[in-house]
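Subject: Structure handover

Hi,

Here is the structure for you to look over. My notes on it follow below.

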Amino acid sequence: MTALVVQGLTKSYGGVQALRGVSFSVSTGELVAIIGPNGAGKTTCFNLLNGQLAPDAGDITLDGRSLVGRAPRDIWRLGVGRTFQITATFGSMSVRENVQMALVSRERRLYAPFAAFPRLYAAEADALLERVGMLEQAARPCALLAYGDLKRVELAIALANRPRLLLMDEPTAGMASEERGALIALARALAKTDGIAVLFTEHDMEIVFGHADRVLVLHAGELIAVGAPEVVRVDARVQELYLGAP
Amino acid sequence: MSGSALLLQFLNGLAGANSLFLVAAGLSLIFGVSRIVNFAHGSLYMLGMYVAVWLAPATGFWAAVLLAALIVAATGALVEIGVLRRLYQAPELLQLLATFALVLIVRDFALWAWGPQDMLGPRAPGFGDAVFIAGAAFPRYDLLLIALGPLVFVLLHALLTRTRWGTLVRAATEDREMAAALGVNQRWLFTGIFGLGALLAGAGGALAVPREPASLAVDLAAISDAFVVVVVGGLGSVPGAFLAALVIGEVKAFCIGYGYSEITLAVEFIVMAVVLVLRPWGLLGKPLPAPRGAAAVEPPLGRIDRKAALALACLAALLAGLPLAGDEYTLVLATDILVFALFAVSLHFIMGPGGLASFGHAAYLGLGAYGAALLLLRAHAPTEAALALAPLLALGGAALCGWFAVRLAGVYLAMLTLAFAQIVWSIAFQWDSVTGGSNGLIGVWPAPWLASKSAYYYLALLVCGIGIALLWRALGAPLGYTLRAGRDAPLRADAIGIDVRRVQWIGFAIAGTFAGIAGALYAFSKGSISPETLSVPRSVDALVMVLLGGVQTLTGPAWGAVLFVWLQDELAREVEYWRAAIGAVVLALVLVFPRGLAGYLKERFAR
Ligand SMILES: Nc1ncnc2c1ncn2[C@@H]1O[C@H](COP(=O)(O)OP(=O)(O)O)[C@@H](O)[C@H]1O
Ligand SMILES: [Mg+2]
């Protein structure tokens, strides 16, 4: 079942054309990688999908509902979770509290003035942390975590709302290579068991071709190849882009 | 209004724009280069006025203007060398506080040197009479000012665009790191720009002498006017300051011309608020480059565990026993301490976890106090009703100011909250028929059952205790965590469904309401209320209390209030110029602990 449909997505920053008419779709349970050199427009694409930026043109629908023109917080409630390329967590809170924050938000209890926060949804937060392998560090302040661990916390936060679409911008940056494979394998398992459409960017081609169901190749804001890993791997333009050979 | 009257109002506005421009241009230049918003700029203006009035009898008017400008310029340069130079790397809040400490010191200096009375200045020789324009008299001196504004603008513009020094100033304004990398001697550049800014402010003050008397209230009036001008024109832009000075000058002139002088500041505020919402960086300004480097990570907030709760319960029991042991004086002081503890905790609520440092929190204290007094005296409400309803006035004010405040950050936030507080103050100060003007309101005594000092102390203990407990509780509840989430990582907060502005707005309104509760209690405990309650120095008192105790601690601000009120009580009894003494303490704190007391202690004990 198709979850996300993107049509003719276009965005420029002043003079820089970051995305030019990009169209693709992602299905439920599918793990799709966006690859492309730095500056290709991957992060821009994610920022448009979660509403952090408004597109100049184009349409984005999730389960048939248009996401364009909505604020990130509303898009989140429609089922889009994300992690950031530059990790963004709440530094003054513990790992567990970070996840609890998302759960409290899901339950729409953000403004509750008296409930004791540390006790709210603690068990569910721990379950999420367990899934991403961060349970042992649940009580540590987020500000003290290693970069790779922060990425995992972000994943747990993104999962808190049982997303339909999960966006992961370079989720393995800062991790050791065996860790990376494990994280993407985890994302893959989540996609299959929970029926989440997963879109991620990744620089490690081994991981991309080993785990993704499909690969989108962005170059200078244009989608130059789309397809199964085997197909994209032998695509002439992709070869040219990555190997410099014709 | 007839055509010629319109013309005269218009010319009046142009003349007023001159001093607005001189102050605002200096403020803007200094900010552009040093990224410091100099709260003391209005004080330099005031100093210019006093020095000119003081020198004029001896030297004649024109020489006095020149000397005043030079003396103020030297003062500005000295302040840069002695104080601000040490603070360029310090957190913004401390920079603002340090310049504010200077405000307190300069004001008490003026009080000491020239006394509390307004001082009328001489007329400008050769410009003392009126000319006739469209059949109406218009001061000749004002025509001179009208010509002077554009002249100064052109000179400044030439200085900035035609000289090497000006090029360096512009380079430093565009990109400080870049200018430093190019080998610009920053020290002298910064000292020079402070000197120039001060020169402009001093000249502006001296030139205003024939139009208005020198008085001790001029400093804050000038700085809040200048804030409005630079915000409207764009921080760091001299042409913006010029344009905005004309706009604001006209707004003022027409408000006064139509007989609405009381609402002048309110209209200014509306202009500023509209500009901030539509063009947050001002008419001719540019969006500020985001500060480089990672944002500071705030430490986790403390929590009240079982042990702390027990200790607080013991403290409460102890406090409940105070009337058995203490005399009346102690009870009054203790009531004050309780009231200000609630006040400080309410500011901390929005400033620490919320990340919005309000420079005008006393506005809500004052709204609560005036609300209570007005309900009692004008609506003849019973004490209980006055106490209960007055905080709603503070809630209204905080909701209004907060709506704009949550759209801003850093120095813009500081300027907006300060300007708002100054407006509330000026309403209280000027609206004689309702607020009693500068004398305030007297006879604000509580119902007989609360009349004794001990009964009132118990009421304060109960209300403040509950208020503080509620605020602390909220900080440990989702509301407090949501506030922290919005402060720690706004993008992340937005990406998990948090409406950051909304939660900050709610936080701001709550903080204002509790400050209003403190204010209402304060009014009845004193029996009278004056504009001083909501003056800007009072707002800074609150900031100092919070910083003394530690912004990122839970209970610290309450202890900060205890220490501050007690200290102030001691100082006020022993020292005549206690505001200046407080300013000196603040300066010392900021200079010795540029990372804040809490940060210092942490560093000390982390080793
Ligand atoms: N906020 C911005 N302002 C201006 N240009 C930007 C901004 N963000 C990204 N760009 C430009 O847009 C292009 C795409 O950037 P980005 O989406 O971050 O690429 P990627 O994530 O693939 O590395 C780059 O040329 C980048 O310089
Ligand atoms: Mg990127």
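In this predicted model, the C-alpha centres of domain 1 and domain 2 of chain A lie 25 Å apart. Domain 1 covers 1-79 + 163-246 and domain 2 covers 90-162; the bounds come from an automatic or database domain assignment. Their contact (heavy atoms within 4.5 Å) takes 20 residues from domain 1 of chain A and 16 residues from domain 2 of chain A.

A word on conventions. Residues are numbered from 1 along each chain as its sequence is written, and chains are lettered from A, ligands numbered from 1, in the order in which they are written. Local features need pLDDT of at least 70 and side-chain atom pairs count only at pLDDT 80 or more, while totals for chains, interfaces and linings use all residues; side-chain values use heavy atoms, with hydrogens and water left out.

Domain 1 against domain 2, chain A

The two domains bury about 1500 Å² between them, 59% of it on carbon and sulfur atoms. Buried area is the accessible area (1.4 Å probe) that two parts lose on being put together, summed over both. A:Trp76, A:Arg77 and A:Pro163 supply 40% of what domain 1 of chain A buries here, more than any other three residues.

There are two salt bridges between these domains (side-chain nitrogen of Lys or Arg within 4 Å of a carboxyl oxygen of Asp or Glu). A:Asp194 pairs with A:Arg131 in a salt bridge, with the closest N and O atoms 3.1 Å apart.

On the domain 1 side, α2 (72-77), β7 (165-168) and α6 (177-194) of chain A each give at least two residues. Helices (H or I, at least four residues) and strands (E, at least two) are DSSP runs, numbered from the N terminus. The largest share, six residues, comes from α6(A).

Chain B against chain A

Here 31 residues of chain B are in contact with 34 residues of chain A. The chains bury about 2700 Å² between them, 63% of it on carbon and sulfur atoms. B:Pro478, B:Arg492 and B:Ile496 supply 26% of the area that chain B buries against chain A, more than any other three residues.

The count of salt bridges between the chains is three. A:Arg73 forms a salt bridge with B:Asp499, the closest N and O atoms being 3.4 Å apart. Elements giving two or more residues to chain B's side are α18 (453-475), α19 (478-488), α20 (490-495) and α21 (500-526) of chain B. The largest share, eight residues, comes from α19(B).

Best wishes
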